[in-house]
Amino acid sequence: MATLHLPDALRAEMLVYARESYPDEACGFLIGTGGDGAWTLAAVRAARNLHPSREDRFAIDPNEYAKAEAYCAKHKKKQLRILGFWHSHPQSPPTPSSIDLEWARGLFESFQERYLYLIVSLQDSQEALACWRLDASGARFEPVAFG
Ligand SMILES: [Zn+2]
């Protein structure tokens, strides 16, 4: 099974952002190394959620893409790249919504990239994280384990 190594400190960082953004969705970038079924998360970046319905949608501030790319370029020796995206579900489980699937499919069609999509759930004050990736056909999500 595809596995993302998620250091505790980065897990904690996303939870802090998610709690601070509550009741709105938090969102941002997953930065790290690896590929082909085994990744290591090296940094998470929070981005401004510009969506007008932030309680159950998110739209990453377009300016943040360039900043995330610049961060990777600055740490070129570590071979960092944008592995994918994370966002929070303030009121629902860490499973992708139909909107999440639509967005991922759109990125797959545009860039032929199967990004990682990590979701932080705060539902019922229970914190739960899950990571997803489109299958090879790009049609549906399959789970990525934490290692
Ligand atoms: Zn979502």
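**View 1. Strands β1 and β7 pair in the parallel sense**. The model is predicted; local features need pLDDT of at least 70, side-chain atom pairs count only at pLDDT 80 or more, and totals for chains, interfaces and linings use all residues. Residues are numbered from 1 along each chain as its sequence is written. Strands are DSSP E runs of at least two residues, helices H or I runs of at least four, numbered from the N terminus. Pairing requires at least two DSSP bridges between two strands. Leu-4 stands opposite Phe-146 in β7.

**View 2. A barrel of 7 strands**. The order is β1-β3-β2-β4-β5-β6-β7, with mixed pairing.

**View 3. β4 and its two partners, β2 and β5**. β2 and β4 are antiparallel, with 6 bridges. Gly-28 has Trp-86 of β4 as its bridge partner. β4 and β5 run parallel, also over 6 bridges. Here Ser-88 is bridged to Val-120 in β5. In β4, 7 of the 9 residues are buried, so the strand is largely enclosed by the rest of the structure. A buried residue has 20 or more other C-beta atoms within 10 Å of its own, an exposed one 12 or fewer, a partly exposed one a count in between; C-beta atoms are placed from the backbone.

**View 4. Helix α3, residues 98-111**. Its 14 residues should span 20 Å at 1.5 Å a residue, and the end C-alpha atoms are 20 Å apart, which agrees. The expected span is 1.5 Å times one less than the number of residues. The number of buried residues in α3 is 1, so the helix lies largely in the open. Gln-112 follows α3, with a positive phi near 50 degrees.
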